[in-house]
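Subject: Structure for you to look at

Hello,

The structure we spoke about follows below.

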Amino acid sequence: MRPPFELATVTLFSEPDRLVRLADRYDDVAPAARPGRYEGASLWLTRLAPSAASFELHWPATCCARTIDLTPGGPVAELLELSPLPFAHRLFLEGLEGGAPTFYLAYTDHPYPPDGEALRTGDAALALTGAWLGILFQDRLATAPWAWFDRLAAAPGAVPAWQDWANAFAGRRSLRLLDHVGRPLAGQAVTVEAGGDVHDLVSDSAGDLGPVAPGSRLTFPAGLALPLAALTDAAESNVAGEASFQLPPGVGAGHVQVLDLAEWFAPQLDPDPESPAIGARFRRNSRMEPLVDGEETFARLMADLDAVRGSAAAAYFAGWAFKDFPLRIGDEDSRLDRIAAAINGSGGETKVLAAQFVQADEAELDELSREIALAMMALFWIANAPAAGTRGAGVTGAIGIALWVLAEAAAIANLAKGLLDGERIGKLIKDHVEQTSPEFLEKLAAQCRALYAPHPSTMDDNPLAGDITLPDGRHLSELQNRWGIYHQKIQAIVKPDGEDRFAAYVGGIDINTNRHDSPGHNGAVWVEPDSPEDPHASPFHDVHCRLTGPAASEVFHVLKWRNEQVGPVDAKPVIVPGPGDWGEPGRHVIQVAQTVYRPSTPPAGVPTWVRDGNAATHATFVNAIKAAREHIYIEEQYMVPSTPYMEALKAAAGHCRRLVILLPSFLEVYFGDRKRGQFFDELAAAWGDRLYIGTPLRRPVLASPGRVTSRGRLTLMTEIPDGTSTRIVVGPATRVPEGRFFLWIEGELMFAVAGALVVGPDGQPAKELEVLRGGMGPEGIWCPDPRPHGAGAAVTAAQPTPIFLHSKIMMVDDVFVAIGSTNINRRGFFHDGEITAFAIPDQLRGAADNPALSLRTRLWGEQLGLAPAMGAALFRDPIAGFELFKRSRYAGNRVVPLSELKLPEPTLAELPSMVEQVLPDWASNLIQFSLQNWIEVLGPTIFDSISDPTTTLETGP
């Protein structure tokens with residue numbers, strides 16, 4: 001890779017550099033017909049004139065050519081974009097700061113090469129009488145021309161000519177300010193101090209402060225409340241939140257990227273980041289390590305737990321669910337009870353706090369009729385939908401409620417059977433609702449301090465709550481008045497020694513069997529080796545993180561408080577690290593925020609953050625959305641937001657370029673579908689084609705054959721003559737799945753809606769299926785391209801299975817990342833117990849260890865059907881990567897638009913027979929009629945009181 005021009009043949013600085021903006025295909029004023037690689041990015045162009053009659057243009061790399069549009073007002077209307085082919089320059093590019101360069105040229109002496117043409121460094125040179133040159137790197141920073149050449153000259157194996165070009169700018173270097181996405185920051189006041197000389201400067205329209213004395217100290221006296229400044233040309237930054245920034249010795253020029261932490265992190269209860277109190281605004285010198293899916297998380301956690309031995313060691317757990325299984329598959333000693341036994345046996349300490357759903361008195365529950373028991377079960381499931389593993393329809397009409405009942409039919413059937421067998425109602429309800437079984441908690445308690453941790457909020461704390469009259473005339477509050485939950489998923493480690501002696505894990509991952517998945521999502525739910533059950537695919541996507549440094553101390557404070565409030569007095573309190581307990585400082589600025597409900601009657605003698613409540617998580621999410629300028633990427637289980645969140649996300653369409661939201665294929669916030677549907681319509685109106693709302697869908701895999709060999713592996717018994725036939729014959733009959741199912745015949749997807757037993761052409765039992773094909777669903781997305789098939793063709797029954805997306809994360813502009821347990825709804829923001837970690841690297845976008853960038857690119861690789869490691873190479877530019885979300889799943893995408901999943905649903909006429917297949921007559925009748933109607937009528941009250949409650953932390957709920 002070499003400079004495109006010989007330095008001796010050109011005259012530099014014949015005109016001032018010009019700042020241009022690359023056009024955006026979705027620009028409302030001037031949409032680009034030919035968008036560039038870095039749509040919407042700012043780019044400096046430098047003018048080159050010949051030192052004689054002309055100079056030669058040599059292609060700088062083996063590259064691909066394309067002509068692109070500029071926004072109106074620049075020196076030229078179009079540019080030639082040259083993208084180097086990475087494998088031709090792999091070693092050079094791997095060591096290049098800012099990622100691969102893209103070259104931009106403008107000239108008039110020759111036509112530009114055709115789009116897509118491959119150009120080589122050995123091709124014939126072009127004689128030019130003038131040109132504009134620009135270079136952008138993958139970090140999209142609008143750096144001055146001299147910085148381009150500095151980067152290229154510093155790359156491994158660089159030719160000396162790059163350094164010659166860098167030297168040519170020796171007298172024109174200055175100090176420039178950039179905003180957090182890399183655009184010139186104009187009008188920023190700065191005080192510059194060096195050797196006793198003090199100057200007040202204001203950056204011009206190019207962000208330029210002019211040359212300053214090497215080693216100067218910069219102070220931001222106004223306009224930035226909590227500045228974070230990073231010198232992009234070197235790994236230097238200020239002390240986050242302090243106004244002064246010291247340039248390194250010998251450095252008086254460069255690019256300083258500036259961000260105001262006050263615009264991103266919400267103020268918490270203690271504004272001092274050095275305060276030892278919980279709720280400090282942010283913590284410096286910390287580190288966030290994102291972890292994707294359960295296998296990676298459990299492996300990282302076990303590496304820590306293996307070192308937790310001795311009297312100075314401890315392991316603390318708080319979660320929504322705890323299950324009995326090996327965290328390290330194949331290692332029976334990695335079961336939680338055995339881990340606790342090993343730690344406690346070595347003199348260490350283990351504590352477990354499990355969320356408690358059922359706070360009703362068990363004796364009162366035992367007095368319920370079986371009908372009221374089922375009604376209470378329904379309310380528990382609505383309040384804690386994930387507890388039942390719901391796969392409901394996400395609608396609240398009669399069909400939606402009935403489908404929800406069907407989704408829980410197996411559990412209801414077990415409850416109904418237990419009631420008929422005379423088992424105690426209280427125990428049955430607890431066994432079916434509590435995510436940590438009493439038996440396993442008792443098993444843990446034999447090894448360590450293990451307790452249920454009920455959430456203290458009551459219906460009186462919710463200004464929208466209305467008491468619910470049960471079918472027998474009693475009020476719900478008489479049986480259970482508390483419907484909150486501690487939803488935090490925390491694992492905290494204290495090792496006896498080492499640099500990272502204290503580590504805290506937070507995010508979406510519990511010690512739960514269904515979390516044990518990998519980015520491929522082709523594994524199976526954990527099944528005990530001696531279980532008679534067949535493993536079944538249950539893809540589950542989640543994100544967790546490991547915190548070290550001072551930020552982790554807040555997690556230990558939360559655990560200490562919760563441990564002190566639950567059960568008998570603990571002889572060994574939770575160890576809380578102090579300022580001297582951290583090892584090597586990290587380079588991330590982290591806020592650990594919580595949801596703590598606001599009680600209607602504040603209790604006495606408790607910390608401020610408990611007495612007054614805490615909604616800092618909500619405020620930081622809203623602030624970060626308001627600060628976004630390039631992209632917002634959200635993975636969320638619910639997405640039924642508060643009004644400020646909704647308004648901020650809609651308004652962001654005016655200042656941000658792209659929005660991606662990924663969700664599960666169904667909504668578990670019962671009666672919240674109407675609110676969410678209206679919100680999505682308003683988002684679509686505001687963002688247009690710059691918005692993508694989708695859901696991850698696993699590639700079809702064969703179901704477990706169960707007890708019938710080769711179930712789902714079929715043969716087409718008679719030919720399908722054309723693309724209109726909707727009745728097909730497949731066999732053998734014993735291999736055909738029951739009910740409705742998807743099937744593939746030579747690459748064509750069909751949906752079987754009914755089947756009848758027939759005699760096949762071979763005289764053996766077969767099934768005649770009625771199938772849907774030819775583009776069913778919105779815009780004909782499902783079952784497209786019908787065509788003929790010959791007899792004997794392979795038929796595969798393979799369900800396109802949704803990947804259950806459980807993560808609660810957000811990334812903004814590759815500088816901000818949020819990972820936690822907080823769902824985007826009122827319950828998550830204002831009511832339950834939640835915890836979320838927000839991180840900004842102190843080196844901003846240029847950080848070598850940038851959790852926002854590394855997590856986003858990994859996840860985009862996973863969601864777009866590539867190995868996660870490929871994401872870092874291909875998706876560094878979020879604007880270009882956004883377009884790939886629109887690629888068809890038939891072309892390899894794993895995500896599909898959420899609207900595509902409007903598949904055929906059972907009709908009301910079909911429901912009675914479907915329910916009767918799994919439930920006793922009395923339960924079936926109750927559900928189909930009285931219970932279904934009762935839930936439907938009380939929908940709004942159930943939504944406000946149980947499904948999505950709030951407290952007065954929410955403004956104007």
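A polar contact here is a pair of N or O atoms within 3.5 Å; within protein, one must be able to donate a hydrogen and the other to accept it, and residues adjacent in sequence count only if both atoms are side-chain atoms. By that rule, the side chain of D832 reaches the backbone nitrogen of I485 at 3.3 Å. The D832 side chain also makes a polar contact with the side chain of H831, at 2.8 Å.

Some background: this is a predicted model, in which local features need pLDDT of at least 70 and side-chain atom pairs count only at pLDDT 80 or more, while totals for chains, interfaces and linings use all residues. Residues are numbered from 1 along each chain as its sequence is written, and side-chain values use heavy atoms, with hydrogens and water left out. Helices (H or I, at least four residues) and strands (E, at least two) are DSSP runs, numbered from the N terminus.

D832 lies in the loop between helix 18 (826-831) and strand 41 (834-841). D832 counts as buried because its relative accessibility is 2%; buried means under 20% relative accessible area, exposed over 50%, and partly exposed in between (1.4 Å probe, protein chains only). Leaving out residues up to four places away in sequence, D832 touches H455, G484, I485, T595, V596, Y597 and R827, where contact means heavy atoms within 4.5 Å.

T695 belongs to strand 31 (residues 691-696). With 0% relative accessibility, T695 is buried too. Its side chain reaches the backbone nitrogen of S665 at 3.2 Å. Among the residues that T695 touches are L662, P664, R894 and L901.

Now the helix pairs. Axes are lines fitted to C-alpha atoms, for helices over the stretch in contact, and angles run from 0 to 180 degrees between N-to-C directions. The axes of helix 16 (residues 643-651) and helix 17 (residues 673-687) come within 9 Å and cross at roughly 20°. Helix 16 is therefore roughly parallel to helix 17 (angles under 35 degrees count as roughly parallel, over 145 as roughly antiparallel, 65 to 115 as roughly perpendicular and the rest as oblique). M646, L649 and K650 of helix 16 make the contact with K675, F679, E682, L683, A686 and W687 of helix 17.

For helix 7 (residues 370-383) and helix 10 (residues 425-433), the axes come within 11 Å and cross at roughly 25°. A373, M376, M377 and F380 in helix 7 meet I425, I429, H432 and V433 in helix 10.

Regards
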